[in-house]
Amino acid sequence: TELHQFIRGLPKAELHLHIEGSLEPEMMFALAQKNGVKLPYASVAEVRAAYQFSDLQSFLDLYYAGAAVLQTEQDFYDLTVAYIQRALADDVRHVELFFDPQTHTARGIAIETVFAGIAGALRDAKARHGFSGSMILCFLRHLSEEDAMSTLESALPLRDAYADVWIGVGLDSSEVGNPPEKFAHVFTIAQAMGLHVVAHAGEEGPPAYIHGALDVLQVERIDHGVRAEEDPALMQQLAASRMPLTVCPLSNLKLCVVKDLRDHNLARMLRAGLCVTINSDDPSYFGGYMNDNFIATADALELSRAELLQIARNGFEAAFVSEQQKQSWY
Ligand code: HPA
Ligand code: ZN
């Protein structure tokens with residue numbers, strides 16, 4: 001339709017994308033074969049058939065298992081190049097991608113290998129396509145704060161070499177039972193280093209976790225944040241401060257955060273004045289990249305062109321780039 005064409009032509013920024021979650025089954029199979037990793041699936045079709053989730057944890061189990069095929073710098077490079085190709089096709093101009101070093105260092109992969117592969121692809125995309133991209137190192141919240149701290153320490157020597165791309169830290173993985181406060185110290189240190197700070201909060205966890213991310217971790221964006229709606233005072237605070245929420249509609253649907261996309265609160269939050277953005281989260285696992293998320297949401301919630309334009313602009317407003325850079329996009 002015309003509205004879909006309008007969406008495809010909108011310049012977009014993607015602020016909630018786990019690079020490991022962009023691993024398509026075809027690449028998973030190819031890398032498993034190359035690296036001699038055993039997968040519990042006989043075919044690409046079997047992998048896709050397994051992507052039926054009941055909640056966040058049921059997804060994370062497959063997501064971490066799939067990431068085990070990533071071994072060399074070239075693997076991380078190829079993974080990131082493949083994502084960038086999909087992003088370019090969707091008129092995504094800028095990405096601030098998440099990566100989970102602990103998933104890889106726990107398997108004996110050096111953190112340098114992870115940085116080099118992802119950053120190499122981002123730098124090549126900038127040179128070749130003018131594509132803008134940066135990296136946010138996420139701590140796995142089901143692990144201890146000590147583990148997060150040693151991960152940050154192991155990344156410190158890379159700070160200067162990757163100053164052009166490594167811009168922040170985040171917090172992901174199993175939310176309920178692992179509140180933001182658990183990571184207060186490591187976030188304080190990261191922020192003191194001049195890194196941007198974000199955290200997943202209010203995806204499955206209660207509004208109290210959003211308060212914790214804001215008040216204790218001092219985050220600059222909330223990843224997901226959809227459960228903010230249960231706390232009217234929090235909603236007012238988020239609107240007044242224009243605190244960005246990186247919402248992922250198809251993810252919320254696949255992980256049963258909402259039963260039906262027509263029940264999603266994205267439009268209500270947008271109309272309440274919140275800085276809502278649309279993102280793909282783990283596109284390979286949730287069945288859609290940026291345009292798929294925009295189109296499915298626009299159709300389900302009957303968003304207007306003006307609202308879609310606002311959502312796309314919010315992505316640039318919420319990006320960790322200079323005002324001058326933002327003005328070059330809008
Ligand atoms: N939530 C928490 N952890 C994650 C997610 C998510 O949506 N995707 C990848 N890791
Ligand atoms: Zn996420």
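Let me start with Asn293, which lies in helix α15, where helices (H or I, at least four residues) and strands (E, at least two) are DSSP runs numbered from the N terminus. What we are looking at is a predicted model, in which local features need pLDDT of at least 70 and side-chain atom pairs count only at pLDDT 80 or more, while totals for chains, interfaces and linings use all residues. Residues are numbered from 1 along each chain as its sequence is written, and chains are lettered from A and ligands numbered from 1 in the order in which they are written.

Is Asn293 buried or exposed? Asn293 is buried, because 28 other C-beta atoms lie within 10 Å; a residue is called buried if 20 or more other C-beta atoms lie within 10 Å of its own, exposed if 12 or fewer, and partly exposed in between, with the C-beta atoms placed from the backbone. Leaving aside residues up to four places away in sequence, Asn293 touches Pro249, Leu250, Ile278, Asn279, Ser280 and Gly288, and contact here means that the C-beta atoms of two residues, placed from the backbone, lie within 7 Å. Glu46, by contrast, is 247 residues from Asn293 in sequence and 24 Å from it in space, C-alpha to C-alpha.

Asp292 also lies in helix α15, which covers residues 290-301, but Asp292 is partly exposed, because its count is 18 other C-beta atoms within 10 Å. Between the C-alpha atoms of Asp292 and Leu270, which are 22 residues apart along the chain, the separation is 19 Å.

I turn now to helix packing. Two packed helices are described by the angle between their axes and the distance between the axes. The axes of α5 and helix α7 (residues 111-129) come within 7 Å and cross at roughly 40°; axes are lines fitted to C-alpha atoms, for helices over the stretch in contact, and angles run from 0 to 180 degrees between N-to-C directions. On the α5 side the contact includes Phe76, Tyr77, Val81 and Ile84, and on the α7 side Val114, Ile118, Ala121 and Ala125 are among the partners. By class, this contact of α5 with α7 has 11 nonpolar, six polar and two charged residues, where Ala, Val, Leu, Ile, Met, Phe, Trp, Tyr, Cys and Pro count as nonpolar, Asp, Glu, Lys and Arg as charged, and the others, Gly among them, as polar.

Ile84, in helix α5, counts as buried, because it has 23 C-beta neighbours inside 10 Å. Beyond residues up to four places away in sequence, Ile84 touches Ala121, Ala125 and Phe131, and its C-alpha atom is separated by 9.9 Å from that of His129, 45 residues away along the chain.

How do helix α8 and helix α9 cross? The axes of α8 (residues 145-155) and α9 (residues 184-192) come within 8 Å and cross at roughly 20°. That angle is why α8 is described as roughly parallel to α9, given that angles under 35 degrees count as roughly parallel, over 145 as roughly antiparallel, 65 to 115 as roughly perpendicular and the rest as oblique. Glu145, Ala148, Met149 and Leu152 of α8 meet His185, Val186, Ile189 and Ala190 of α9, and by class this contact has six nonpolar, one polar and one charged residues.

His224, placed in strand β6 (residues 221-224), has a phi near 75°, a positive value in a residue other than glycine, and His224 is buried, with 28 other C-beta atoms within 10 Å. Asp91, in the loop between α5 (73-89) and β2 (92-99), has a phi near 55°, again a positive value in a residue other than glycine, and Asp91 is partly exposed, with 15 other C-beta atoms within 10 Å.

Asp260 sits in the loop between α12 (249-254) and α13 (266-271), and Asp260 counts as exposed because it has 8 C-beta neighbours inside 10 Å.

Finally, which residues are around ligand 1? They are His18, Gly21, Leu56, Tyr63, Asp172, Ser173, His200, Glu203, Ser251, Asp281 and Asp282, a residue being near a molecule or strand if its C-beta atom, placed from the backbone, lies within 6 Å of it. By class, this shell has two nonpolar, five polar and four charged residues.
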